[in-house]
Amino acid sequence: MIKLQSVSKTYKDGDQTVHAVNDVSLEVGAGDFVSVVGHSGSGKTTLLSLMGGLTKPQSGSVTIGGTEIWSLPDDDLSAFRNKNVNFIFQFASLVPTLTCLENVLLPTAFGKSGDGLVDYARTLLEMVGLKDKTNSYPSRLSGGQQRRVAIARAFINSPRVILADEPTGDLDETTESEIMEIFRKKCADGTTFVIVTHNSSLAAEAKSRYRMHAGRLERAS
Ligand SMILES: Nc1ncnc2c1ncn2[C@@H]1O[C@H](COP(=O)(O)OP(=O)(O)O)[C@@H](O)[C@H]1O
Ligand SMILES: [Mg+2]
């Protein structure tokens with residue numbers, strides 16, 4: 001599904017070079033559930049954005065579903081990404097002038113359209129426990145509720161891969177385990193998950209467990 005081969009990404013910080021991701025190879029199969037833990041600054045977010053084609057590596061190759069993504073023309077790359085990969089970012093970024101329902105539907109404005117999407121968006125909001133906030137604006141929601149809307153939004157295009165950066169970071173324990181239950185169900189249905197987390201019990205549930213350390217990826221036991 002996703003294959004990284006000797007991928008490196010460095011950033012220039014003044015006269016220093018930061019090896020955010022350093023020669024990482026990783027293969028994630030369809031339907032896998034992968035967790036990545038590591039200290040802050042170890043390169044987890046950079047790794048996810050490399051896996052999803054948001055960041056171009058200085059070296060190495062990134063293949064998603066057999067397609068070498070950096071060989072695609074720019075326009076094709078964004079369409080390909082929109083169709084295949086979805087991100088749940090560390091900080092929920094909802095559009096404040098749209099209702100929760102409209103926020104969940106937003107990714108469909110660029111992709112597929114069709115009947116049933118509005119119903120599906122409602123179902124997703126119900127799935128994350130926010131049925132009663134369907135027509136509310138994000139400013140009326142707590143941080144954790146906004147995060148749940150962002151999680152619902154990540155599923156609207158039925159992506160094959162979900163890349164989640166600390167998806168439950170600001171959620172209470174009950175909501176966190178509900179969200180994990182949703183991820184498990186979606187994974188059983190065939191969605192591939194890569195989850196960056198600080199929560200070790202959450203990480204331990206994953207089928208494949210990794211740790212980032214100073215840009216290097218290692219297997220975690
Ligand atoms: N856009 C950027 N410009 C410069 N340095 C960056 C940038 N993004 C990340 N870094 C650096 O790369 C390293 C890895 O960052 P990141 O991938 O965000 O780690 P993590 O998600 O594990 O906290 C850090 O040292 C960070 O300061
Ligand atoms: Mg990060």
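Trainee: How do you know that residues 24 or more positions apart matter for the contacts in the chain?
Mentor: Residues 24 or more positions apart account for 70% of the contacts in the chain with a separation of 6 or more. Two residues are in contact if their C-beta atoms, placed from the backbone, lie within 7 Å. This is a predicted model, in which local features need pLDDT of at least 70 and side-chain atom pairs count only at pLDDT 80 or more, while totals for chains, interfaces and linings use all residues. Residues are numbered from 1 along each chain as its sequence is written, and chains are lettered from A and ligands numbered from 1 in the order in which they are written.

Trainee: What does the radius of gyration of the chain agree with?
Mentor: The radius is taken over C-alpha atoms, and the globule rule is 2.2 Å times the number of residues to the power 0.38. For 221 residues a compact globule would have a value near 17 Å, and the chain has 17 Å, which agrees.

Trainee: Why is one side of strand E2 and of strand E5 left without a neighbour in the sheet?
Mentor: The open sheet has four strands in the order E2-E1-E4-E5, with antiparallel pairing. E2 (16-28) and E5 (67-68) stand at the edges and have a single partner strand each, so one side of each lacks a neighbour in the sheet. Strands (E, at least two residues) and helices (H or I, at least four) are DSSP runs, numbered from the N terminus.

Trainee: What makes E1 and E2 a pair?
Mentor: Two strands pair if DSSP finds at least two bridges between them. E1 (residues 2-13) and E2 have nine bridges in the antiparallel sense, so they meet the criterion. Val7 stands opposite Val24 in E2.

Trainee: Why is H1 called largely enclosed?
Mentor: A residue is buried if 20 or more other C-beta atoms, placed from the backbone, lie within 10 Å of its own. Seven of the eight residues of H1 are buried, so the helix is largely enclosed by the rest of the structure. Among them are Lys44, Thr45 and Thr46.

Trainee: Which element gives the most to the shell around ligand 1?
Mentor: H1 does, with three residues. The shell holds 13 residues, the closest being Tyr11, Ala20, Lys44, Thr45 and Thr46; a residue is near a molecule if its C-beta atom, placed from the backbone, lies within 6 Å of it.

Notes
A residue is buried if 20 or more other C-beta atoms lie within 10 Å of its own, exposed if 12 or fewer, and partly exposed in between; C-beta atoms are placed from the backbone.
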